[in-house]
Each structure stands twice: as C-alpha cells, then as structure tokens.
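Subject: Structure handover

Hello,

Here is the structure for your files. My notes follow below it.

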Amino acid sequence: MSPKMGIQGDLGGLFIVYTSTPPFHSSLHLTHAYIHNSSMASQTHTLPPLPYAYDALEPVISKQIMELHHQKHHQTYINNLNAAISAQASAASSNNAPTLIALQQKLRFNGGGHINHSLFWNNLTPPGTPGNNIDSAPTLRKAIASRWGTQDTFVEAFNAELLNLQGSGWGWLVSKGGAKGQLDIVTTKDQDPVNGPNVPVFGVDMWEHAYYLQYLNNKADYVEGIRRIIHWAEAEKRYASGLESLLKL
Amino acid sequence: MAALLSNSARVALRSGASATSKAGAAGLTFARGKATLPDLSYDYGALEPSISGKIMEIHHKNHHNTYVTSYNNTMEQLQEAQAKGDIAAQITLKPAVNFHGGGHLNHSLFWENLAPKSAGGGEPPSGALSKAIDTTYGGLGEFQSKMNAALASIQGSGWAWLVKDKQTGQISIRTYANQDPVVGQFEPLLGIDAWEHAYYLQYQNRKVEYFSAIWDVINWKTVEKRFA
C-alpha cells in the first residue's frame, strides 16, 4: 500500500494507513474522524471544509452551485464511501470474497468522488487572489510553455478535451510518472481518479451538477470561466512536489 | 445506423403516424437524409409537476437538438471517409456515431414514452405487457421499485430501460452508460433519462424524487405498442 493519496489503479489504494491528525496546515487533505465503539475503533471520512466562502468563486461559479456541490454531492460520496468501507471491513472479517469483489466498484466510485472533489476545491481560488496569478507557478508555467508553446495554446487544448467528454467525468492536467514529469491532458470518466504515479496538477469537474444551475447546456462558457479561477500556486506545488507532501493519508 | 443513412425521404414515424413503426425507429424524423428534431406531442409544461416546463424546453430544444446536429455532422464526416475509402477515419468516428446517434434515438424514444396525465400519463399498463410485468416482477409496484433502484445505481450519466429480449421475448431492466442506445439483442420498451440535465433544475441532487415522480407521466400505451 502506498502512503500516497489513493490514486492507484485499483481500490487497494484507498486503504492507506491514516495519520491520526489531519494536517490542517496543508493546503489539501482528506479529512476523517475516529468513531469509537466498544470493540474497535474505525475511521470515517468527513467533508473537508472549503478553503473559501461559497460565494467566493462568483461570478464564475455561483454560490448555489458551490453549496449544493459541496454540502450535498461531495457529502454523498463521503457517506457512501464510509458505508462501503464499513461493509468491506465486515466482509473481510468473515472472509466473504464475493462481497469484497462486489464492493470494489462502489469503493472506486465513491472513493474517487471524494478524492476528485477534494482536489478540485483546492485547485480553485477566487479571482484576483495571489494564488490565482500564474506568476505564482513559475516551474509549471515553463513546463506548459515547453509542452504547448504558449499558455493560450494549452488552454485551448485543455478546454477542447473537457468539451469532448461524453457523459460525466473530469478533465485533468497531469504530470506523468510523478512530480516534474511530462505534462499531459487526460480525462477520467464518472468518478475515476487519476491513476498513480501520475500527479493531478489540477482538475475540472465536468459533471452537469458542477455547472448546470448557472450555465445550463452551455458548458463551453463554464469551461471558459474556470480558467479565471485556477489556483496556480496550488498547481505549482503539486507539479513541483507531487501530492505526497500535501496529503497525509 | 446504415438504415438511418439510407433514409432519404422525410419520414415521420411518430406514435400513431404509422402502424408499421417499430421500436427503435419510432419517433425519429429525417429530412433529405438528415436527422431532425422531432416535435413533442405535448406542451413543454404539460408534464408538470413531475417535470418542469423549463427542463422540458431546454432538454428538447437544446440538449436533444445538439445530439441531432452533432449526429448529422458526424454522418457527413463518415460519408466523406466512406467516399475516400478511409477505413481508419470511419473507425475513429464510431464513438461519435454511438454517442450522438444514441442521444438522438434515446431522447426520441423518451419523449414518446412520456405523456401528460390528461393524455393518459401514469395510467397503468394492460394486456400482454401488464401480464409480462406481473409474471416477471410480481406486479407494477415491484417493477417500479426495481427500475428506480436501477436508475439510482447508475454511476455517472446514463439511462435505465425496460427492454425485451429479442431471442426469448422476456422483459428485463437494463442500464446503459451515457448515450449508449438499446440495440442488438434487446429492444427498448420504456426509457428513463438519468442524466443530471433531465432533472437538475427542479430536483438538484434529490434524483430519487425525480425517479419517483416520473411514473405519473409514463405513457404505458406507447410501451404496450413497443412490446407488441
């Protein structure tokens, strides 16, 4: 089991040894809590607070969308992930292989939903904040320039990939093979996370719930707006150092 | 999809328009070889309160229409590739044919298996279909619960269908990802759109409420015709 964020090819990656104290000082973490009962202590994931107010990403993303997306959608992934983990624990204790196998897709979907949204919130920032300035990402900017020529060419290519997605999914800028790797644009379907050792530098949620109340079927405008709220300082950290230093799981 | 391409005359096989309309072809309209957006047989607001008029309008005029346009564009590219004998290009286009063609098929079938209450929406099925549902599921209520569970279990965008197995005649519930259409071994009888755009403006994340409310506007007469 890797101690890194659970972005392995299978769900084994979610069963990581947790630190007992989430690193609240870091810019990104998946939060969890202990629940004690008479016989055992188990951990459950909890909804991480947003690093900004619900209305802070306006006008690009409305307060109503952010509230529903965070409080309802993200929370539901966490609830279902906790339920699946708990079901897995009892299936494991009774050595019930068919149930363990049947649970894998639930773990992948809901665990992926938790990971993806946690990454997403943190790679966005209100327009005009220091981290929103691409100057805060010197290494990443150089890497983008060497891969795509100009920032605009990159954004065009990235947006085209997002708009090409058929159905629900995510678009990502990834660093292949680990930090400071070759940059690439990838999409993942539904809640599939970016598979390790690739590092998700930043991600954009292309599920309709991420934009529909504001943009309706006009997803091109949503995608165009997202470029104005990218947290470049966060992206730089992920690109330069990977996720290990940011996520203590 | 070859059959869609060869359709040169305007054909409007909407419910009641043709006694020979078959499931899968019903509801698709074409003009000079191009797919066109079919008209709804009811007003946008007619399915309220189950589905709001605003949802119906955007879903039909924008979403469905985009599938129609993109399907026609894909077909043009496919015809060019065929004319050039470019096999690689034809294969490359397959996912787009599936997605946009599937979107057109699915929505065309969906509109027709809905009806306002005033036009019989929600009135339970009768005859052979009713019997098949009773035999297979133990009753309409049990079937609806199972269909709702299938809808709720879709991870991402997709559809749930009541289908008929062409080999055995048996009915069953199947879910399909994204716009994958019901083709091959199965015939579509009743489809429910589980994409977020089908309910989000009204129900947001409470999709279970949408799945529950839609039974009030299911057009079982259409489903019976497809089953027959």
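Is the crossing of helix 2 of chain B and helix 4 of chain B left-handed or right-handed? The crossing is left-handed, a label given when the near helix is turned anticlockwise from the far one by less than a right angle, with clockwise being right-handed.

Some ground rules. This is a predicted model, where local features need pLDDT of at least 70, side-chain atom pairs count only at pLDDT 80 or more, and totals for chains, interfaces and linings use all residues. Residues are numbered from 1 along each chain as its sequence is written, while chains are lettered from A and ligands numbered from 1 in the order in which they are written.

**The helix pair in chain B**

Helix 2 (residues 53-84) and helix 4 (residues 94-112) of chain B pack at about 140°, and their axes are 8 Å apart. That makes helix 2 of chain B oblique to helix 4 of chain B (under 35 degrees is roughly parallel, over 145 roughly antiparallel, 65 to 115 roughly perpendicular, the rest oblique). Axes are lines fitted to C-alpha atoms, for helices over the stretch in contact, and angles run from 0 to 180 degrees between N-to-C directions. Helices (H or I, at least four residues) and strands (E, at least two) are DSSP runs, numbered from the N terminus.

Helix 2 of chain B contributes residues including His64(B), Tyr67(B), Tyr71(B) and Leu78(B) to the contact. From helix 4 of chain B come, among them, His100(B), Gly103(B), His104(B) and His107(B). Contact means C-beta atoms, placed from the backbone, within 7 Å. By class, this contact has 6 nonpolar, 8 polar and no charged residues. Nonpolar covers Ala, Val, Leu, Ile, Met, Phe, Trp, Tyr, Cys and Pro; charged covers Asp, Glu, Lys and Arg; the others, Gly among them, are polar.

**Between the chains**

17 residues of chain A are in contact with 17 residues of chain B. Helix 1 (63-93) of chain A gives the largest share of the chain A side, 4 residues. That side has 6 nonpolar, 7 polar and 4 charged residues.

**Annotation**

For chain A, UniProt lists "domain: Manganese/iron superoxide dismutase N-terminal" (unreviewed entry) at residues 44-124. Those residues are 70% helix and 4% strand.

**Confidence**

The model scores ipTM 0.86 and pTM 0.86. Chain B averages a pLDDT of 90 (the predictor's confidence in each residue, from 0 to 100). Over residues 1-25 of chain B, pLDDT stays under 50.

Regards

How values were computed
Two residues are in contact if their C-beta atoms, placed from the backbone, lie within 7 Å. UniProt positions are given in the numbering used here, feature names are shortened, and annotations may be inferred rather than shown by experiment.
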